[in-house]
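Dear colleague,

I am passing on the structure we spoke of, together with some notes on what turned up in it. Please look through the model first and then read the notes beside it.

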Amino acid sequence: MSADNPVIQDDMVVSVEYTLHLDDGEQIDSSAGRGPLEFLQGRGQIISGLEQAMAGMAVGDSKDVVVEPAAAYGEFNPDANQVVPQNAFPQDMDLQEGMGMQVQDEHGHVMEAFVAELRDDDVVLDFNHPLAGETLHCHVDVVNLRPATSEELAHGHVHGEHGHHH
Ligand code: ZN
């Protein structure tokens with residue numbers, strides 16, 4: 001490893017073009033048309049299986065990575081759902097199956113959930129990640145690599161090319 005040929009390691013800012021497919025071949029995400037994804041390596045900003053697989057890659061490298069659920073969005077937990085009466089939601093909320101939302105539990109913890117099913121009077125919320133249980137097939141192309149700035153390291157995330165904006 002030399003300064004002339006940097007490779008992905010912790011605390012580097014990685015720019016990557018990617019596509020994600022499920023086992024059945026369905027494409028679920030891609031950077032095409034949006035520009036590369038930028039993330040800070042080693043901070044858990046992307047799924048762990050992909051972060052680990054990308055360590056050591058250099059600009060111009062490509063890789064196909066198969067990530068098992070445990071290293072992606074977790075195993076599917078069939079018990080992780082809850083039936084909530086519709087009148088517990090704001091009346092002007094346009095509830096739709098598949099929509100995501102943030103829900104607070106009785107301790108004030110905010111959790112991500114999505115609407116699994118709309119019934120006559122109830123809503124079934126699912127607390128699994130929508131991709132829980134899925135094996136992900138990732139194709140990655142590393143397009144840029146640089147050391148993170150001290151400010152980025154302190155914040156734990158990447159800042160845009162025009163400076164600090166959150
Ligand atoms: Zn910041």
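**Salt bridges and two further residues**

Aspartate 11 is partly exposed, with a relative accessible area of 33%, where buried means under 20% relative accessible area, exposed over 50% and partly exposed in between, for a 1.4 Å probe and protein chains only. Please bear in mind that this is a predicted model, in which local features need pLDDT of at least 70 and side-chain atom pairs count only at pLDDT 80 or more, while totals for chains, interfaces and linings use all residues. Residues are numbered from 1 along each chain as its sequence is written, and side-chain values use heavy atoms, with hydrogens and water left out.

The side chain of aspartate 11 meets that of arginine 43 in a salt bridge, at 3.4 Å from N to O; the term stands for a side-chain nitrogen of Lys or Arg within 4 Å of a carboxyl oxygen of Asp or Glu. Because arginine 43 lies in the loop between strand S3 (37-40) and helix H1 (48-54), and aspartate 11 in the segment before strand S1 (12-21), the pair ties together parts that are 32 residues apart in sequence. Helices (H or I, at least four residues) and strands (E, at least two) are DSSP runs numbered from the N terminus. Arginine 43 is itself partly exposed, at 36%.

A search of the whole structure finds 4 salt bridges. Among them is the one between aspartate 29 and arginine 34, whose closest N and O atoms are 3.2 Å apart; aspartate 29 is partly exposed at 26% relative accessibility, whereas arginine 34 is exposed at 57%. Another joins the side chains of glutamate 117 and arginine 119 (3.4 Å, N to O).

Glutamate 152, in helix H2 (residues 150-155), is buried, with a relative accessible area of 2%. A polar atom of the glutamate 152 side chain lies 2.9 Å from the backbone nitrogen of threonine 149. Neighbours within four places in sequence aside, glutamate 152 is in contact (heavy atoms within 4.5 Å) with Val13, Leu40, Arg146, His157, Val158 and His159.

Histidine 129, by comparison, sits in the loop between strand S8 (122-126) and strand S9 (136-147) and is partly exposed, at 35%. A polar atom of the histidine 129 side chain lies 2.9 Å from the backbone nitrogen of leucine 131. With neighbours within four places in sequence again left aside, histidine 129 is in contact with Tyr73 and Phe114.

Methods:
A polar contact is a pair of N or O atoms within 3.5 Å; within protein, one must be able to donate a hydrogen and the other to accept it, and residues adjacent in sequence count only if both atoms are side-chain atoms.
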